[in-house]
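Please look over the model below before reading the notes. They are meant for someone who has not seen it before.

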Amino acid sequence: MKRLIVFLFLCAVCFGVSWAAFQGVAVEEPAYSHFFPSGALLYLQAKDFSALLSDWNGSPQKQQWLQSANYEVFSRSRLLLRLKGASGEFAAAAGLPAEMNFLGQIAGGQSSLALYDIGKLQFLYITRLSSANSMQSGLWQTREKFETRNAGGVTFYYRRDPESEAEVAFAAVGEHFLLATREDLMAGALQLMAGSKDRTIEAEQWWSQSVGAAGPAGDLRMVLNLEKIAPSPYFRSYWVQRNITEMKQYSAAISDLFRSRKEYREERVLVKKSPSASEASADTGAAAVAELIRLVPAQASIYEVRANPSAADCLALLETKILAPHLGPAAAEQLAPQVLLTNGETGNGSDLETRIDQARVQHAVSGGDLSAPLKDLFEKNHIRAILQLQSSERDKSGVFVRLHSTVALVGDSDWNEAAVRALLTDLVRPGLTTGQLGVDWQNRSGSLELNGLWSLVMAVRGKYLFISDAPALLDGMIANMKEKVALQPALFAAGFDHTRERDNFIRLTSLLDRSGDERGAPSGAGHIPEFFSENIASLSSTLAGVTSEKIVIRDSGDRVLQTVTYEWSH
């Protein structure tokens, strides 16, 4: 279930960053990056910003999202409060509210924006906008309230709010409109447009490395200076993926989004600080990933294939998903707990049944010594790649949602079926029986299955080992072994079927979140949406048109290549 949540959330975050319309590609214009002074942290360009903004404003997804529980939670977030604060400071300096109407007035065709300070949101924006439209904008209409400056032979308008110290500068140069929140950025851009030889972002290493490694620009392109962004406290606070340590190995990154009515495809390149040498094990692992992908059956809702996993990782995945889910110590929290003001009540009526005169029963955590032989087997037969499948289904009554998993491993050599069977029996027996009842293996079509109430099946096909709690998933994988390898070698590949899992996700989380009261809600705060069954579920409903997501990751030594594909139903 955790993987379903992670993939759904990742799908939502990536969609929010790269939202665009279902229209054709605009004619490519000369890059504006020639006119951006050096020192930027992030550069974003769109081939037709006005069309993107218009499509977003007219989309049913926007209207549905604004009425969703996800938006309700976002409207209370610290991030939005900070953005509102920055918007207020901009409005004080510009003399105009920074709202959608203002944005629509200055949204042109080809557009670029560079961010120079994350905390203060200092930026430079250049867009292709006709002079007639520029002069009809609210900024131009109120230019008499601004001071005039000159740079590169062009007059620009500048204003500074003494209270917040926020700055706003704008200019119209032919068919181009410029807006900046620092006077020096505006002056620098105008001088570059006039032919100055001053240093631009194109002369910086992070730019040349990332752009040089990328292919043609997409409908949207984002270039990041990770050496400066990753150490930022704002990045650590608001980066959704929370993989700050992993991101520190990269010096720059670039992402291109290509759009069509049926598909959004994002091509990412992450440039490494220190290139890694190619090893034979990495090559064989990448090839094994491609081999495993062909086994994914149509009924699988989520799959994940990883090259060269450790024996400990393989064992942990098997235990967590199939063999030995058990009570144990909770995982260490990485985030500080949220503090909610309550009305002073502590506990509830059910606590009256809690005994305080007896020691709490300590549940023994099994699996340590019993799993060691299986781990040794994985270490001896090096795992080239591991495939995890998951799916959910309603029970016959339609009330409960059952989760199913299958794991497939590709080893360096053929698996000893008898040894694997014996080790699995020893591992699961303590949790199922005190004797031998229900832990004998019986033959079924193409595999072996325990003869008890718990559905556990396994199969060996040479170097392939399959373990599952869903016979149908296992049968589908074995049937696909005759399929040809279609994917190029990769270190990681994963997919998520949003359409298949959306209703079951909402049903399951609704049952889990059903509490009958507003625990932890501040007095007078009203209803706080549950995270999974309301917050994430509402976002899933907003993005119901996204049928599936796929990601493939490859390593080219000095860079990591990622391809993310979102498929649409319309």
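1. The model is predicted: local features need pLDDT of at least 70, side-chain atom pairs count only at pLDDT 80 or more, and totals for chains, interfaces and linings use all residues. Residues are numbered from 1 along each chain as its sequence is written, and side-chain values use heavy atoms, with hydrogens and water left out.

2. The mean pLDDT (the predictor's confidence in each residue, from 0 to 100) is 86 for the protein chain, and 84% of its residues reach 70 or more. Residues 1-28 have pLDDT below 50, and this stretch has 71 contacts (heavy atoms within 4.5 Å) beyond near neighbours in sequence. Over residues 363-368 pLDDT also stays under 50, with seven contacts beyond four places in sequence. Where pLDDT is low, the predicted coordinates should not be read in detail.

3. Four of its five residues are buried, so β1 is largely enclosed by the rest of the structure. Buried means under 20% relative accessible area, with a 1.4 Å probe and protein chains only.

4. Which strands pair with β1? Pairing requires at least two DSSP bridges between two strands. Five bridges join β1 to β2 (residues 111-117), running antiparallel, and five join β1 to β8 (residues 220-224), also antiparallel. L44 stands opposite L113 in β2, and its bridge partner in β8 is M222.

5. There are 19 aromatic pairs in the structure, a pair being rings of Phe, Tyr or Trp (its six-membered ring) with centres within 6.5 Å. Y157 and F170 are stacked (planes under 30 degrees apart), at 5.2 Å centre to centre and 20° between the planes. Y157 lies in β5 (residues 154-160) and F170 in β6 (residues 167-173), 13 residues apart. Y157 counts as buried because its relative accessibility is 13%; F170, at 0%, also counts as buried.

6. The largest nonpolar core has 48 residues, and F90, F102, L139, V168, F170, F177 and L179 touch the most other members. Such a core is a set of buried Ala, Val, Leu, Ile, Met, Phe, Trp, Tyr and Cys residues joined through side-chain atoms within 4.5 Å. Strand β20 (residues 559-568) gives the largest share, four residues. Apart from this core lies another of 31 residues, among them Y32, A114, F156 and A213.

Key
Buried means under 20% relative accessible area, exposed over 50%, partly exposed in between (1.4 Å probe, protein chains only). Helices (H or I, at least four residues) and strands (E, at least two) are DSSP runs, numbered from the N terminus. Rings of Phe, Tyr and Trp (its six-membered ring) pair if their centres lie within 6.5 Å; planes under 30 degrees apart count as stacked, over 60 as edge-to-face and the rest as tilted.
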